[in-house]
Every structure is written in C-alpha cells, then in structure tokens.
Amino acid sequence: GSIATAALVGVTACMLFPQASLTFKLIMGFLGLLVVWAHRGNIKKLMSGRESKLSLSKRVTRWMSDMHIALIGTGSWGTAMAGLVASNGNSVTMWSYDLDPVTEINERHTNECFLKDFKLPETVTATNSHDEALAGADAAIFAVPSAFLRGVARDCAPFISDALPVLCLAKGIELGSGLLMSDVIASEIGHPERIAALSGPN
C-alpha cells in the first residue's frame with residue numbers, strides 16, 4: 001500500500017495535469033518519496049512478510065482519516081457531507097452565514113432546518129467565522145449555493161493557503177461569466193490545479 005501510494009502520487013499528477021510545469025512534477029515526485037520514507041517501517045514489514053493484510057477499502061479509509069476538514073456551508077448537502085467525512089475518522093468545522101445552525105450543530109449536533117432526523121458525529125463543530133473554520137484545515141469543502149459561491153469564496157480567500165486542497169460541491173454555471181462553480185472558486189482563491197469538483201446525479 002505504501003509503495004503503491006508513492007507511485008500513484010507522481011503518476012496521477014502527470015495524468016491529471018499533463019501541462020503542469022517540471023517544478024510541479026518534481027514536487028509530486030518528492031511527495032512520493034516522503035510517503036515511502038514515512039512508511040518505511042511498514043515497507044520493511046511487507047518485505048519480511050509481517051505486514052498485516054488490509055482490504056483496499058480499509059487502506060483507503062485509514063489513509064484518509066484523522067484529518068481536519070473545513071466545510072463551508074451548512075445546507076442539506078453540506079450537512080450530509082460533514083456527517084460522511086466525520087464518520088470516516090476526521091474532524092469537521094462547518095461555516096455558516098447564519099448563527100442559528102451554528103448554535104444547533106454545536107449544542108445538539110443536528111441541523112433540523114436542512115436535514116431532519118440526522119445526527120452529526122461529535123467531531124463536527126460549526127462557526128460563523130471564516131478564519132476559525134479554515135484554521136489548521138487539511139482540506140476545504142465548499143457546499144454553498146451557486147448564487148452565493150463567489151462572495152463566500154472571496155471572503156474565505158485570505159484564510160486559504162496556496163496549497164490547501166479544495167473540493168467544490170456546488171453545481172451550475174455562473175450567470176454572466178459562464179464559469180463552472182469550481183472555476184468560480186479558482187478565480188477567487190487562485191491555484192486552480194488544487195481544486196476538484198464532485199459531480200453526479202442528485
């Protein structure tokens with residue numbers, strides 16, 4: 001798993017961003033080497049036959065757990081995603097423009113206005129401060145209605161580092177510019193190569 005992950009870092013980067021600069025590709029290769037170094041103990045166990053066997057799904061879950069995720073938005077889609085992310089061993093800080101969802105999420109771990117009969121894990125908290133939501137985040141997820149996405153992304157921009165991975169859940173095309181929602185975010189926070197979009201049927 002460690003060796004495969006290291007190899008996939010560089011290969012995936014080259015496949016997804018074939019026009020990327022040499023510097024970017026070298027950085028991806030360096031990250032792959034860091035993965036190998038960080039898992040050198042497991043690799044030794046694997047080579048000696050002492051590494052425990054885990055299914056692919058368990059390996060992926062373990063690799064993606066213990067992260068802190070900033071989730072911008074407290075609507076039904078954002079709330080459902082917060083529950084999913086937190087249930088996989090991560091902590092989530094949600095941001096809301098309104099104070100009522102913040103209070104309810106923090107006190108009762110529910111968001112009845114948008115998602116009834118859904119209990120959020122204890123590791124989900126909420127705030128109406130962009131700075132607090134994004135502080136120490138390993139990744140950010142934008143789950144804001146498309147009509148408000150640009151303004152929210154602009155407000156979040158000062159608190160988003162150049163390397164922070166960003167996932168866009170919003171769908172649609174911005175009126176006037178014709179931009180997709182992921183492109184709207186990119187135009188406000190920069191570095192579009194680190195922005196992904198989750199798509200599929202409702």
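Figure 1. The model is a predicted one, in which local features need pLDDT of at least 70 and side-chain atom pairs count only at pLDDT 80 or more, while totals for chains, interfaces and linings use all residues. Numbering starts from 1 along each chain as its sequence is written, and side-chain values use heavy atoms, with hydrogens and water left out. Strand 2 and strand 3 (residues 124-127) run parallel and are joined by 4 bridges; two strands pair if DSSP finds at least two bridges between them. Strands (E, at least two residues) and helices (H or I, at least four) are DSSP runs numbered from the N terminus. Of the 5 residues of strand 2 (residues 91-95), 4 are buried, so the strand is largely enclosed by the rest of the structure. The cut-offs on relative accessible area are under 20% for buried, over 50% for exposed, and partly exposed in between (1.4 Å probe, protein chains only).

**Figure 2. Strand 1 beside strand 2.** Strand 1 (residues 68-72) pairs with strand 2 in the parallel sense, over 5 bridges. From strand 1 the chain passes through helix 5 (residues 76-87) to reach strand 2, and this β-α-β crossover is right-handed (with the strands pointing away from the viewer, the path from the first strand over the helix to the second runs clockwise). On the strand 2 side, H68 has S91 as its bridge partner, and A70 has T93.

**Figure 3. Strand 1 beside strand 4, with the side chains of strand 1.** Strand 1 also pairs with strand 4 (residues 139-142), in the parallel sense over 4 bridges. The strand 4 partner of A70 is A140, and that of L71 is I141. A70 therefore has a bridge partner both in strand 2, T93, and in strand 4, A140. H68, A70 and I72 point one way from strand 1, whereas I69 and L71 point the other way. Residues on both sides are buried. With 5 of its 5 residues buried, strand 1 is largely enclosed by the rest of the structure.

**Figure 4. Packing of helix 8 against helix 9.** Helix 8 (residues 146-156) packs with helix 9 (residues 181-189) at an angle of about 20°, and their axes are 8 Å apart. This angle makes helix 8 roughly parallel to helix 9 (angles under 35 degrees count as roughly parallel, over 145 as roughly antiparallel, 65 to 115 as roughly perpendicular and the rest as oblique).

**Figure 5. C156 and C168.** C156 is buried, at a relative accessible area of 0%. C168 is buried as well, also at 0%. The whole structure contains 0 disulfides, a disulfide being a pair of cysteine sulfur atoms within 2.5 Å.

Figure 6. A135 is in the loop between helix 7 (130-134) and strand 4. A135 has a relative accessible area of 44%, so it is partly exposed. The C-alpha atoms of A135 and I160 are separated by 8.7 Å, the two residues being 25 residues apart along the chain. I173 is in the loop between strand 5 (166-168) and helix 9. The relative accessibility of I173 is 56%, so I173 counts as exposed. C-alpha to C-alpha, I173 and A147 are 9.4 Å apart in space, and 26 residues apart in sequence.

Figure 7. The phi of H109 is near 55°, a positive value in a residue other than glycine. H109 is in the loop between helix 6 (99-108) and strand 3, and it counts as buried at 8% relative accessibility. The phi of H191, again a residue other than glycine, is positive and near 50°. H191 lies in the loop between helix 9 and strand 6, and counts as partly exposed at 33% relative accessibility.

Terms used
Axes are lines fitted to C-alpha atoms, for helices over the stretch in contact, and angles run from 0 to 180 degrees between N-to-C directions.
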